[in-house]
Amino acid sequence: MVKNNIRKAGPVTLGEYKIGDGLSKALNMDSKTVISEIKESNLRGRGGAGFPTGMKWDFCSRETGDHYVLCKCR
């Protein structure tokens, strides 16, 4: 059970960041390293279950065939 404000609206940040830095860093890593970083960060989905994002990406990376990313934007 997720015991935090996962459904709270607005940005969820814990410190200073510069737009694009994370993407630039990720583009210079291999996919396994990116997934490892996401797992270490304990990033979770913003849905009701708060499923660990790194675990989801790891499961997907092990599958063969085409992959698709679906995003629900409001």
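Reply: A salt bridge is a side-chain nitrogen of Lys or Arg within 4 Å of a carboxyl oxygen of Asp or Glu. This is a predicted model, in which local features need pLDDT of at least 70 and side-chain atom pairs count only at pLDDT 80 or more, while totals for chains, interfaces and linings use all residues. Residues are numbered from 1 along each chain as its sequence is written, and side-chain values use heavy atoms, with hydrogens and water left out.

The structure holds three salt bridges. In one of them, the side chain of Arg-62 meets that of Asp-58 at 2.7 Å, N to O. Asp-58 also meets Lys-39 in a salt bridge, at 2.9 Å from N to O. Because Lys-39 lies in helix α2 and Asp-58 in helix α3 (residues 53-61), this pair ties together parts that are 19 residues apart in sequence. Helices are DSSP runs (H or I, at least four residues), numbered from the N terminus.

The relative accessible area is computed with a 1.4 Å probe on protein chains only; buried means under 20%, exposed over 50%, and partly exposed in between. Asp-58 is buried at 12%, Lys-39 is partly exposed at 42%, and Arg-62 is exposed at 60%. Through shared partners, salt bridges join Lys-39, Asp-58 and Arg-62 into one network.

A further salt bridge pairs Glu-37 with Lys-25, at 3.6 Å from N to O. This pair links distant parts of the chain, 12 residues apart: Glu-37 belongs to helix α2 (residues 31-41) and Lys-25 to helix α1 (residues 21-27). Glu-37 is partly exposed at 37%, and Lys-25 is partly exposed at 47%.

Note on methods
Helix = DSSP H or I, 4+ residues; strand = E, 2+ residues; numbered from the N terminus.
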